[in-house]
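Trainee: I would like a close look at a single part of this structure. Please take it step by step.

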Amino acid sequence: MSDDLLRRYLEGTLSAEEMKALQELLRRDPQAVRALFQEAKIDAALGEVFKTEDLGRKWARRAGSRARAWGLRAGLVAAAALVALAVLLFRSDPRPIETVLPAAPVDRKARVEAERKEVETRLAEIEVQKRILLEARRPAEPPRQRTAEEESRRALAGMELARVEVERKKIEEELSRVRADEAAPEPAPRPPRPGTVAAVAVVDRVHGEASAPPGKHLLSGEGLETRGPASWAVVRFPDATRLELWGDTGVRLSDEKGKRLSVEKGTVVLDVVKQPAERPLVLSTPQADVTVLGTQLRMVVSDQTLLETVKGRTRMTRTSDAKSVEVAAGHFAVASSGGGDLVARSLRVPKRGNYRKFPHPGVDAQKVDEAVSRAAEWLLDQPNAPPGARKDTAWRYDELSLLALLHAGLDPRHPHFQGLLRQVLEAPLERVYRVSLQAMLLGDLDPAAHRRRLAECGQFLVDNHCQNGQWNYGEAVDIPDFGEARITVRRRRTGPASGDNSNTQYAVLGLRACMEAGVGVPSETLASALKWWESTQNSDGGWAYHGTPDGAPQNRASVGSMTAGGIASVLILRRAENASVGRAWKWLADNFSIQQNPRIDPAWWSDIGPPYFIYLYALQRAGALTGRDRFGARDWYREGALHLLALQNKDGSWRQKDFGQIPLPVADTCFAILFLRRATSPLP
Amino acid sequence: MENPRFLKHFLENQVTVKGYLLAATGKVQDAEDLVQAVWTAVWSRFDQYDEARPFRAWALGVARMEVLKWRQRLARGREVLSDDVLDALTRVAAETGGEDDTWKRRLQACLERLAEKARHIVGLRYGKAVPIEEIARSEGKNAGAIKMILARSRRALRDCLEASP
């Protein structure tokens with residue numbers, strides 16, 4: 001019975017009563033705790049073992065005969081562990097990734113010697129394993145009847161020994177081959193000719209899928225391609241020039257007339273060491289040639305070429321008309337085949353920008369502009385780790401950052417903006433928050449150009465609508481192929497039974513963006529969401545978080561961020577004010593605070609701190625949608641703006657004090673920008 | 001990455017930490033999310049780790065903190081293990097001896113002893129998290145039979161692991 005309870009707990013299928021019974025059992029019986037841990041450990045290990053095997057097979061396929069010749073399962077396990085570790089650490093490590101592998105020796109002698117040393121090390125390791133196993137097989141002293149336990153131990157050691165022996169033989173064979181290789185006279189050097197097989201670079205690292213494995217030498221004329229938005233690869237040249245390929249990127253190398261690198265598509269980041277003046281590195285794209293003598297740059301190639309120079313100087317020459325422009329550090333330029341201006345623009349965020357301004361009594365518009373501009377600069381400086389290095393998708397703020405940067409007045413042609421936007425548009429739709437923010441972003445950016453993607457966002461939100469009218473965090477759904485004609489979304493499935501009011505208010509904002517872009521949303525979805533908000537308003541007029549499952553009392557108590565979000569949601573869904581909005585407004589006026597999220601229970605949030613900046617953004621939405629400047633006697637924008645100006649950090653960011661693991665300064669800074677810019681447009 | 005001591009500790013404790021997190025959360029997805037947070041935290045605090053102390057207990061202390069944070073993040077009514085049970089679990093996990101890499105190799109050896117079919121089904125269920133109903137469909141059996149095979153296989157694995165050192 002207890003076994004069954006443990007199993008079902010680990011499978012996540014216990015009812016609340018059974019959970020209580022399990023707790024009781026675990027409290028009473030230490031043996032049950034031990035059994036639980038043992039079961040969980042086996043589960044965890046099985047997951048790892050089968051994952052490793054898959055990885056091993058994939059790796060062997062890719063690396064071909066070489067991996068088969070090694071045939072080292074232990075090696076694969078270690079390799080898989082390393083990969084897992086790398087993924088874990090890089091995901092959250094905000095520093096740019098440094099290459100740990102040395103530049104591969106291109107000179108033959110050094111390469112063969114390194115290979116021999118590596119095989120010798122592996123041989124030494126396997127000899128140690130063998131000795132340990134032989135020890136385990138040794139009969140007991142003095143001779144006596146062996147216990148069953150010893151028998152099985154010996155049997156296992158025997159099996160393992162046989163495997164180790166086979167491996168050892170293979171390694172020995174490889175060693176003799178490598179030694180012979182080393183002793184053989186070096187082939188006479190041939191003078192390098194253009195287009196010869198001289199290795200020009202080596203693939204240093206690969207995350208995700210790429211057309212060549214790490215360690216592969218790329219010869220002149222050969223290319224490298226990364227596949228999928230999350231893939232990433234690093235190529236190193238003999239002179240230590242470093243090339244990063246981000247997702248879905250293709251390049252081709254050539255050694256003719258200096259180093260030439262053609263970038264067919266995607267995003268590359270290059271750190272080029274000083275080149276001889278007569279042999280510069282030339283980057284060519286379908287639209288332009290870029291000449292480099294030593295610089296750091298980033299380039300995004302699609303139907304146009306965006307070039308951003310970080311350090312040094314580059315010159316970009318447009319292929320179509322041979323016009324050229326010098327792009328100094330801190331500037332970017334765009335070349336498209338269709339002509340137009342070819343000028344270098346500054347990467348800095350303009351202080352005034354092209355953003356519409358809101359004069360407001362008592363608020364110095366220039367100070368707000370300056371604060372927003374500094375915050376946007378800070379956002380742009382945040383390490384934008386290569387996509388392959390971060391696999392977790394729940395805590396990314398790409399859409400929120402883009403929305404904030406757009407409202408900060410950043411030119412959407414900015415390469416960072418374009419690079420991040422491309423990732424967002426290509427990533428699968430998986431989470432309600434992120435999809436809603438994406439819809440808001442596209443609606444504010446260019447709804448006509450992104451109508452198809454907006455329809456996909458709408459479909460995702462409609463299909464993730466919970467049965468009670470709320471939204472939960474959401475999961476990926478099948479997205480139909482929307483044509484160009486008028487797009488109407490049908491509801492094809494229901495989400496879980498219930499969700500929470502935080503996801504729900506963002507989903508409503510997302511649907512609004514879809515509808516304003518001309519995407520038809522089923523009226524029953526809108527009606528059911530409105531019904532949820534209006535029927536769950538507390539008698540005091542406020543709204544609560546109302547999450548699932550509904551346990552803690554805090555879950556039902558009115559709180560500022562949810563009440564402001566509720567006002568915005570009802571207004572969007574009803575398109576007019578009503579008594580419900582009036583009562584909520586009164587609650588906010590009675591409980592108004594700009595210093596904190598009204599009525600939030602700090603004890604409930606003792607770990608990560610009560611959410612504050614997200615409240616300010618909700619307040620802004622409620623104010624913008626009602627068109628009211630005041631809660632009671634309180635001018636919310638004036639108070640909020642002055643408070644935010646005082647609260648801004650020296651580096652330009654905003655961040656809540658004492659946050660735990662979740663990296664929120666990015667989110668906090670975005671919410672502050674959206675508040676200061678009054679990003680929400682009023683109802684038409 | 002470049003620290004071989006850390007890599008060694010990681011290999012020797014990877015399964016224990018993940019198993020602990022699975023036992024503490026009761027959900028594979030949550031455990032997997034937390035595994036990342038825990039090793040990141042361990043890595044960032046590695047310079048505070050005193051080599052004289054057992055690494056496993058130290059790492060599980062970090063893991064326990066992460067579990068507590070996780071619980072506060074989701075505490076809205078979901079049933080989780082109480083504090084005293086969590087502490088007992090931490091103690092039990094910290095007391096287990098043996099290095100995970102060797103333990104895992106033993107598990108692999110034990111897996112080889114299972115019948116081919118059973119091993120395949122175990123792989124589908126625990127390696128790829130395929131739902132039981134789906135396995136049943138693809139194997140042409142009913143769900144009860146699959147459950148039985150899984151239960152027997154687990155029992156065999158447990159016995160095999162207990163029998164070997």
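Trainee: Why is strand 9 (residues 295-301) of chain A largely enclosed by the rest of the structure?

Mentor: Keep in mind that this is a predicted model. Start with the count: 6 of the 7 residues of strand 9 of chain A are buried, so the strand is largely enclosed by the rest of the structure. The cut-off behind that word is 20 or more other C-beta atoms within 10 Å of the residue's own.

Next, look at the strands that pair with strand 9. One partner is strand 6 (residues 260-272) of chain A, which runs antiparallel to strand 9 and is joined to it by 7 bridges. To find this pairing on the screen, look for A:Leu270, which stands opposite A:Leu297 of strand 9.

Another partner is strand 10 (residues 304-311) of chain A; strands 9 and 10 are also antiparallel, and 6 bridges link them. Here A:Gln296 has A:Lys311 of strand 10 as its bridge partner. Strands 9 and 10 of chain A make a hairpin, with 2 residues between them.

So the picture for strand 9 of chain A has these parts: 6 of its 7 residues are buried, 7 bridges join it to strand 6, and 6 bridges join it to strand 10.

Note on methods:
Residues are numbered from 1 along each chain as its sequence is written. Chains are lettered from A and ligands numbered from 1 in the order in which they are written. This is a predicted model: local features need pLDDT of at least 70, side-chain atom pairs count only at pLDDT 80 or more; totals for chains, interfaces and linings use all residues. A residue is buried if 20 or more other C-beta atoms lie within 10 Å of its own, exposed if 12 or fewer, and partly exposed in between; C-beta atoms are placed from the backbone. Helices (H or I, at least four residues) and strands (E, at least two) are DSSP runs, numbered from the N terminus. Two strands pair if DSSP finds at least two bridges between them.
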